[in-house]
Amino acid sequence: MSSERKYLRFTVSDRIEHWVQMISFTTLGFTGLAQKYATSPVSIWFIALVGGVETVRILHRIAAIGLMLGTIYHLGAIGYKYYVKRSPITMLPTLKDVTNAWNTFLFNLGLKKEKPQQGRYTFDEKFEYWAFVWGTVIMGLTGFMLWNPITTSKFLPGVVIPAAKVAHSSEALLAVLAIIIWHFYHVHIKQLNKSMFTGYLTEQEMREDHLLELADIKAGVGPPPTDPKEVARRKKIFFPVYTIFAALMLTGVYFFVAGEETAIATVPPAENVEIYVPLTATPFPTPFPTATPIPIGNTWEDGIAAMFVIKCGACHVTTALGGLDLSSYQGALKGGISGAGIVPGNPDESLIIQLQSKGDHPGQFSPDELTKLIDWVAAGALER
Amino acid sequence: MNRRIYPLLIGVALSLAWFAVPLPVLAAAPADASEPGVPNEYCLSCHDTPGLTTELPSGEQLYISVDPILFKTSIHGRRGYACVQCHTDRTEYPHPEKTAQTLREYSLQRYQFCKKCHAAEYESTLDSTHQKALDEGNSNAAICTDCHGIHNIGGKPHSRRNKAAVCEKCHSEIYNRYKQSVHGAALFDESDPFVPTCIDCHGVHNIVGPSTQDSFHLFSPQICAQCHADEELMARYGISTNVFDTYIADFHGTTVVLFEKIAPDQETNKPTCIDCHGVHDMRKVDDPESHVIKKNLLATCQKCHPDATVNYPTSWLGHYEPSAEDAPLIYFVDLFYKIIIPVTIGGMLIFIASDVGNKILKKRRAKV
């Protein structure tokens, strides 16, 4: 059995195509689901790992371009295969695939003795292929709307855009789950099918899954040999047509990618307002009392006593600091421990005037007040 | 007899204050009204004279009068604090020379005394936009006394309107915008006690804004959420608290949340609440001046999406959850996938389970 024959299943170009779509799809899946479930801790961890949501979005879009280019190539490849080479279109789903699926299910349940025999593409492979086609169409259309919301809303109502987002995000979930469950089970878990990487299936594997195809190969059934001239003629038609088609598609991709500038790169200032516009030129918040001159007359009782209370009261009225008690006319004349406070008729001899004239006594008289005091003393320091 | 001892005690106290108890001791003294050092009457014997001024080198007049009544009605006056507890360098007469050249410089020197007692509040201001402006050399930036006053601090309880008016002194243009806003109008016209004033969004001592924190804009939805996520409070106004969920579910909000979690120090490149609703002039949604009312919405969108046309704003559902009535397209697309995903995936799982079961059975039979 070890020397069994190998059967080519996927050409190198098929395999490269698979690599491109696999990398694109995986990138789209990771970067897309991270955005779908953006507030979950796993997403936040992943987005931080990649380098932020903007990087995630750029990767998502690069991968989308990869998928689109892969799809354009694929359309060319199948066009070539079926138009130029006239290979049988083995991927088309038929009613037989439905019965194959049902009979396989019954076989698995033990309700049928034999597994249905299948050809080049089994029903589960066709299901996956067409699911991928469906998904690509939905994701491409809704992706265009999300990528180009302004262009979309020029032709369609705005509500289409959030609807596209719901479809894009739900279809993504469906696609990723389908790949993880259906694809992974059938080609990784059930048995490790390496043909997409090596290109070949063993006879045993062919027998297991593609018995009808194997029988055809063994019987030498294949595409009818074609006249090389006919092939050359088809190529002459195919390549120009495909070139035009690919050019149109690539133009489409260009508009997809660069068709509009959805938003400016930075949010403009939310408000343009002068911050510092003071009500007053210099903020100086305390209200200041303005001078209301103490009415000072020319006798002790007419203002002089009041002036002493206001200016000197803290030390020399409520208390008699240094022995000076200015609460009474007699106290003012008598003075404190240093001598007579007021000498009637002689301001120069009056200690209060001497001290106040120096200008640095606590409770300093204003020049005006001092003048009044001197005048009063000079005039004989009358009590009333 | 008492009258004889009293002056003696005062004399001793004064001489201590003047000569024996120099500045450092006073400065270290805690804010204790019971140990004033120099009695206020002593200071007021000069400073209660109305209209006293002294000229600063700049030529400006510095008012040095204190209205004793005004001071007594201030919080410090009512609690019996002494002049020298703030004016710690003015315990002697003659006073030390002033070094300030201008009035502003004088204020900037003096407010440093506030931190002696109000250390926590002072520390808090160090993170503020005002401190940042000061550090950058803008001497107009507000200091303690600009907002709180000087000798009249805490003279009367502040109404919420007065609090906004404190900010108006320097930020009159923003204040006028605020007055027109849904919040300001409710405060001034209806005396609504719940609407935010300046400090509810910007903080009190650690006042922040976009000029202080690069992240202020990014995290601004959380400021709005303080009230707009409060169901009880919002019920008073009939406003849904769902606005955040619908915002976060959308492209803008998703991005902002991710920036908050992953790049908190970066400026957001997507709008937050204020970019659409307005910063200080957010209006009621039915106000014709509202940025988000239907007739103004396109212009609001065009701030960031200059090419947007008339249908574009309808791609935003205005914070509504899509329902069968409001947005049937979205609702039914969602419903379609809510059915198709479980059916498809369920079918796959059932099929795979049958295959797995079959394989297990086969292995067992092979062993037997």
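Reader: Which residue forms a salt bridge with A:Glu271?
Author: The partner is B:Arg177, and the closest N and O atoms of the pair are 2.9 Å apart. Please keep in mind that this is a predicted model.

Reader: How many salt bridges are there across the interface of chain A and chain B?
Author: The rule finds 2 of them across that interface. Residue pairs in polar contact across the interface number 20, counting pairs with both residues at pLDDT 80 or more.

Reader: Which elements of chain A supply the side that touches chain B?
Author: Those giving two or more residues include helix 2 (41–50), helix 3 (53–84), helix 4 (95–108) and helix 12 (304–316) of chain A. Helix 7 of chain A gives the most, with 17 residues.

Reader: And what kinds of residue are on that side?
Author: On the side of chain A that touches chain B, 56 residues are nonpolar, 21 are polar and 12 are charged.

Reader: How many residues are in contact between the two chains?
Author: In chain A, 89 residues are in contact with 93 residues of chain B.

Reader: How much area do chain A and chain B bury between them?
Author: They bury about 7,700 Å², and 69% of this is on carbon and sulfur atoms. In chain A, the residues that lose the most area to chain B are A:Asn108, A:Val267 and A:Glu271, which together make up 8% of what that side buries.

Reader: Why give an area at all?
Author: The accessible area lost when the parts come together is often used to state the size of an interface.

Reader: Let me turn to B:Glu168. Where is it?
Author: B:Glu168 lies in helix 11 of chain B, which covers residues 160–168. Leaving aside residues up to four places away in sequence, B:Glu168 touches A:Val277 and A:Leu279 from chain A, and B:Tyr175 from chain B.

Reader: New topic: which value of phi does A:Arg86 have?
Author: Phi of A:Arg86 is near 55°, a positive value in a residue other than glycine. A:Arg86 is placed in the loop between helix 3 and helix 4 of chain A, and it is partly exposed, with a relative accessible area of 39%.

Reader: What about A:Ala381?
Author: A:Ala381 also has a positive phi, near 50°, and it too is a residue other than glycine. A:Ala381 lies in the segment after helix 15 (367–378) of chain A. With a relative accessible area of 0%, A:Ala381 is buried.

Reader: One more residue, please: where is B:Thr197 found, and what does it touch?
Author: B:Thr197 is in the loop between helix 13 (182–190) and helix 14 (198–202) of chain B. B:Thr197 is buried, its relative accessible area being 3%. Not counting residues up to four places away in sequence, B:Thr197 touches B:Arg160, B:Tyr178 and B:Leu187.

Reader: Finally, how many helices and strands does chain B have?
Author: Chain B has 21 helices and 2 strands. Of its 368 residues, 37% are buried.

Key. Residues are numbered from 1 along each chain as its sequence is written. Chains are lettered from A and ligands numbered from 1 in the order in which they are written. This is a predicted model: local features need pLDDT of at least 70, side-chain atom pairs count only at pLDDT 80 or more; totals for chains, interfaces and linings use all residues. Side-chain values use heavy atoms; hydrogens and water are left out. Helices (H or I, at least four residues) and strands (E, at least two) are DSSP runs, numbered from the N terminus. Contact means heavy atoms within 4.5 Å. Buried area is the accessible area (1.4 Å probe) that two parts lose on being put together, summed over both. A salt bridge is a side-chain nitrogen of Lys or Arg within 4 Å of a carboxyl oxygen of Asp or Glu. A polar contact is a pair of N or O atoms within 3.5 Å; within protein, one must be able to donate a hydrogen and the other to accept it, and residues adjacent in sequence count only if both atoms are side-chain atoms. Ala, Val, Leu, Ile, Met, Phe, Trp, Tyr, Cys and Pro count as nonpolar, Asp, Glu, Lys and Arg as charged, and the others, Gly among them, as polar. Buried means under 20% relative accessible area, exposed over 50%, partly exposed in between (1.4 Å probe, protein chains only).
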